[in-house]
Amino acid sequence: MTQLAIREAVKARQDEIQRRGRGLGWMSLGLGMAQLAAPDAVRRISGVDDSPTSRMVVPLVGARELAHAAGLLTSRRKSIWAWTRVLGDAMDLASLGVAIAHRAGRRRRRLVGVTGAVVGITVVDLLTAVQATRAKRIGTVRGLREGGSMELTATTTIRKPPPKVYEFWRDLGNLPTFMTHLEEVRTTGDRTSHWSASPVFGKNVEWDAEIVDEAPGEKIAWRSTGNADVPNTGTVRFGPAPDGVSTEVHVVLSYDIPGGALGKAVARYFGEEPHQQLDDDLRRLKQVMETGQVVRSDGAPWGKRARKEFPQRPAQPLSDAELAKGADA
Amino acid sequence: MRANTWAGRNKVKVRDVPDPKILNERDAIVRITSTAICGSDLHLLDGYVPTMQDGDVMGHEFMGEVIEVGRGVDPGRLRVGDRVVVPFPIACGACGACAAELFSCCENSNPNAGLGEKMFGHPVAGMFGYSRLTGGFAGGQAQYARVPFADVGPLKIESDLTDEQVLFLSDILPTGYMGADLCDIQSTDVVAVWGAGPVGQFAMDSARVLGAAKVIAIDKEPYRLQMAERAGYTPVNFEEVDVRSRLLELTGGRGPDKCIDAVGMEASHGSAHVHAYDRVKQAVRSETERPHALRQAILSCRSGGIVSVIGVYGGFLDKFPVGAWMNRALTLRTGQCHVQRYMKPLLQRIERGEIDPTRVITHTLPLDQAERGFEIFKNKQDHCEKVVLKP
């Protein structure tokens, strides 16, 4: 599968889980309403209409179903709410088991029927809960703490012709001028280079990389080689914009985030919105290509160190002390 | 240096802050000789523009003398000693927006573009002294200012015009002019302008120089309406008359051909309950605007006419008369002013005497009295129209 296909498959799976979670939510709503509005009918169908305890229990179960429904229908965090349903199912099955043990005849047959239905629902709940939890690991940064792969894409338009932008990028030593997570990229051969991460990625993270595919003026693709701490690949494409003078730059980066402290540092760097980092990188590339430098303001004087930008300092000139420390310090 | 700073909602404070230094190669440092308080500063003062911070230097209308330039500034464009008016939007001159003369949408000058993108869908240019959304640049109500892309924006003044004659080229004169320019004014047009503050007055002057047949001023402050009337425009006081009926009367039932909203997000409304409705929604932040002027402009404009919006809006509004806009084929045009586009032609109009920007100045105060300046301007005390500050 291409990287794009993988991304789309992940998204399709997450959509499916959202859909199934909502389905369970509607079911909870229906059950809860029935149990609250017509508890006696529910008790009769379930075969527990002989028990005074059930008069109290059925509406309580109904109220619990409404809580499931509220969670599943309003929250995007379907995994947690699906697990609450599994828990509820376990409670229901336990009560049903007790009820079956105390009954015989018609009521027992009804109870067994209801128990069968609850077992079926439990299987669906369990499946949804497990899948939602797995998808969360793949799809979000929270999941990165346990390791996983992450793909970022971003695009911008630069008012310079494709060969110019390509040339700037192909001189890999230029990448750290606009990419926050890089400290230095040193060319070691025609297609090979040595990269070191800036402290935002944690300390002393370095790796070798090689260009695996390139078409002058159009495309560069690279990947880390050897035993990289954070194995990664990247592709950048340069295409002419419709205006005839500008270049559309499309970047795809993907990382195999390791577990452990390094994985945590990387996850922390990318934060809740990993795409924002690459977007900001490309904005700075555009500033450098079009205006010569990364633009600084008094509130945000740190150039490429965007992670330091919030909270910002007041929008008033820097003092000599601040300036001596260096805007990039 | 001394600078006027934001000190929380409804509070500004003149204090000592460090002198500005060159941060980018194309910066210049300007010693400010004149600066002004803008109506849009009141939106900051009142706390309706998010991301302000205690200590932010305010002000985006200023001019002065270049005392230092970065090594990337083209000496053919700007040198130490030049007298310049600085446009409030910061523009790089090289991106797609600048190439299309959409300077206030410059794609490079806002280091907080990511923030603006979340708020507005796409980022807007950096601006002086106007919150983090527009970059977090220190403003010009100060003794000195750092001016980025100094070889692009600042307009050199080489004639002996006074500061007062050219200062408003930094914002309010081009802003008013753009309001009229967006209206494609014809010689048969009646143009109605909501808001007779300084920007509104300049929108009226601009409608006149662009050849409008009649210009109408709508406001509630008698002294502001008198100022418009003295300049030859027809006053309508929305606290005394029903605006729509009065406009119909003044236009033979057609409605104004072109309408300009020079009010923006903090409008007052003649009808108390409508005002209260929006005031409450704005206070609880369930809409960020009080858009009476805009609603009224859309409802009043003749079918097929143009409504141009130069009053500042920041977020979301409701009860937008989309039916009137759509069914009556109205055109809505707007934008933060692309000041750089208008500075030179407007300077020529000032030199030729077609527009006299000094007519709106009612108060000149030393910078140290900026707090008082904000107070009288905000509360419309002492018939205040425009305050100029002298550092």
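## Two domains in chain A

Over C-alpha atoms, the centres of domain 1 of chain A and domain 2 of chain A are 48 Å apart. Domain 1 covers residues 9-139 of chain A and domain 2 covers 144-295; such bounds come from an automatic or database domain assignment.

Before we go on, a word on reading this structure: it is a predicted model, in which local features need pLDDT of at least 70, side-chain atom pairs count only at pLDDT 80 or more, and totals for chains, interfaces and linings use all residues. Residues are numbered from 1 along each chain as its sequence is written, while chains are lettered from A and ligands numbered from 1 in the order in which they are written.

## How confident is the prediction?

The pLDDT is the predictor's confidence in each residue, on a scale from 0 to 100. Chain A has an average of 84, and 90% of its residues score at least 70.

Two residues are in contact if their C-beta atoms, placed from the backbone, lie within 7 Å. Where pLDDT is low, the predicted coordinates should not be read in detail.

## Strands in chain A

UniProt positions are given in the numbering used here, feature names are shortened, and annotations may be inferred rather than shown by experiment. The span is 24% helix and 40% strand, and its end C-alpha atoms lie 14 Å apart.

Let's follow some strands of chain A. Strand β3 (residues 192-197) of chain A runs antiparallel to strand β4 (residues 206-215) of chain A, joined by 5 bridges; strands count as paired if DSSP finds at least two bridges between them. Here W195(A) stands opposite W207(A) in β4(A). β4(A) also pairs with strand β5 (residues 219-225) of chain A, again in the antiparallel sense, over 7 bridges, and D213(A) faces A221(A) in β5(A) as its opposite residue. β4(A) and β5(A) form a hairpin with 3 residues between them, and G217(A) in the turn has a positive phi of about 80°.

## Two domains in chain B

How is chain B divided? Domain 1 takes in residues 2-170 + 337-390 of chain B, and domain 2 takes in 173-334. Their centres, taken over C-alpha atoms, are separated by 25 Å. In the contact between them, 24 residues of domain 1 of chain B meet 22 residues of domain 2 of chain B. On the domain 1 side, α1 (39-45) and α12 (339-351) of chain B each supply at least two residues, with the largest share, 5 residues, coming from α12(B). That side has 12 nonpolar, 5 polar and 7 charged residues. Ala, Val, Leu, Ile, Met, Phe, Trp, Tyr, Cys and Pro count as nonpolar, Asp, Glu, Lys and Arg as charged, and the others, Gly among them, as polar.

From an unreviewed UniProt entry comes the annotation "domain: Alcohol dehydrogenase-like N-terminal" for residues 25-155 of chain B. This span is 15% helix and 24% strand.

## Strands in chain B

Strand β17 (residues 387-390) of chain B pairs with strand β3 (residues 28-37) of chain B in the antiparallel sense, over 3 bridges. One bridge partner pair is A36(B) with V388(B). β17(B) also runs parallel to strand β16 (residues 363-366) of chain B, joined by 4 bridges, and H363(B) stands opposite V387(B).

## Where the chains meet

How many residues does each chain bring to the contact? Chain A gives 30 residues and chain B gives 37 residues. The elements that give two or more residues to the chain A side are α9 (274-291) and α10 (320-325) of chain A. α9(A) makes the largest share, 8 residues. By class, the chain A side has 9 nonpolar, 12 polar and 9 charged residues.
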